[in-house]
Amino acid sequence: MEQACYVGYEIKALSNLLRRKMWDVGDHPRHELLTEMDGMIVGFLCHNKDQEIFQKDVEIAFYIRGSTASRLLQRLETNGFVARKTSTRDARLKQVVATEKALALNQQLEERISAVEAILTRDIPPDEICSFLATVEKLKQNLK
C-alpha cells in the first residue's frame, strides 16, 4: 500500500523520534516540573544571558502566544529557574534572567543535546545539513 508523502507528517514523526532519543541518551536531569518547552526556554535564556531578554523575545523565538509565554515563564519562576528583574533601559519592563539553578540544568541538557545531535547527523554531509536547514527556514516562513 502506497502512502502519500506529507511534509508535516514527516516533521511530526521526526519530532517524536527525536524526543524519544533525547530521553534515551545519557543521565536524566529529570525535573518532574520541567517540560520540553521549559528546557528550551531555559536554554534560550542561558545562551542569551549577556542580553536583556523580555517575555516578548521568548514569544518571538518560539512562535508562541503571549498567554503561553506568560504561563511558561511563571512556572519557571515558581520553580526557581528564572527570575525577573527591572530593565536597565526601561524601569517599566521586567527582564527575564536564568538563575544559577537554570545554568546548572542547562549544562546537563547541552551535553545530552550534543550527544543526540551527533547521532542525528551521523553520515550526513555538511552541505546536506545546510540545505535541510535552509528548507526548514522556508517552511517556517510559509507558516507565518
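Reader: Reading along the sequence, what pattern does the protein follow?
Author: The pattern along the sequence is α-α-α-α-β-β-α-α, in what is a predicted model. Counted by type, the protein has 6 helices and 2 strands, and its C-alpha trace spans about 60 × 35 × 30 Å along the principal axes.

Reader: OK, and how do α2 and α4 pack, at what angle?
Author: Helix α2, which covers residues 36-47, packs against helix α4, residues 66-78, at an angle of about 80 degrees, and the two axes are 11 Å apart. Since angles of 65 to 115 degrees count as roughly perpendicular, that angle makes α2 roughly perpendicular to α4.

Reader: Which residues make that contact?
Author: On the α2 side they are Met-37, Asp-38, Ile-41 and Val-42, while α4 brings Leu-72, Leu-73, Arg-75 and Leu-76.

Reader: And by class, what does the contact of α2 with α4 have?
Author: The contact has 6 nonpolar residues and 2 charged ones, with no polar residues.

Reader: Switching to aromatics, how many pairs does the count come to?
Author: The count comes to 1 aromatic pair. Phe-44 and Phe-62 form that pair, with 5.6 Å centre to centre and 75 degrees between the planes.

Reader: Why is it edge-to-face?
Author: A pair of aromatic rings is described by the distance of the centres and the angle of the planes. Planes over 60 degrees apart count as edge-to-face, so the 75 degrees between Phe-44 and Phe-62 puts the pair in that class.

Reader: Now pockets: how much space lies in the largest one?
Author: The largest pocket holds about 2,200 Å³ of space. It is lined by 48 residues, of which Ser-15, Leu-18, Glu-36, Met-40 and Leu-120 are the closest to its centre.

Reader: Which elements give two or more residues to that lining?
Author: Those elements are α1 (7-24), α2, α3 (55-62), α5 (100-121) and α6 (126-143). The most comes from α1, which gives 11 residues to the lining.

Reader: Last one, how do the lining residues divide by class?
Author: The lining of the largest pocket divides into 26 nonpolar, 10 polar and 12 charged residues.

Definitions and conventions
Residues numbered from 1 in each chain as written. Predicted model: local features only at pLDDT ≥ 70, side-chain atom pairs only at ≥ 80, totals over all residues. Heavy atoms only, no water. Axes fitted to C-alpha atoms, helices over the stretch in contact; angles between N-to-C directions. Helix = DSSP H or I, 4+ residues; strand = E, 2+ residues; numbered from the N terminus. Parallel < 35°, antiparallel > 145°, perpendicular 65-115°, else oblique. Contact = heavy atoms within 4.5 Å. Nonpolar A, V, L, I, M, F, W, Y, C, P; charged D, E, K, R; others polar. 1 Å grid on protein atoms, 1.4 Å probe; cavity = no way out; pocket = protein on both sides within 12 Å on 5 of 7 lines; lining within 4 Å. Points joined across faces, edges and corners; volume = space filled by probe spheres on them. Phe/Tyr/Trp six-rings, centres within 6.5 Å; stacked < 30°, edge-to-face > 60°.
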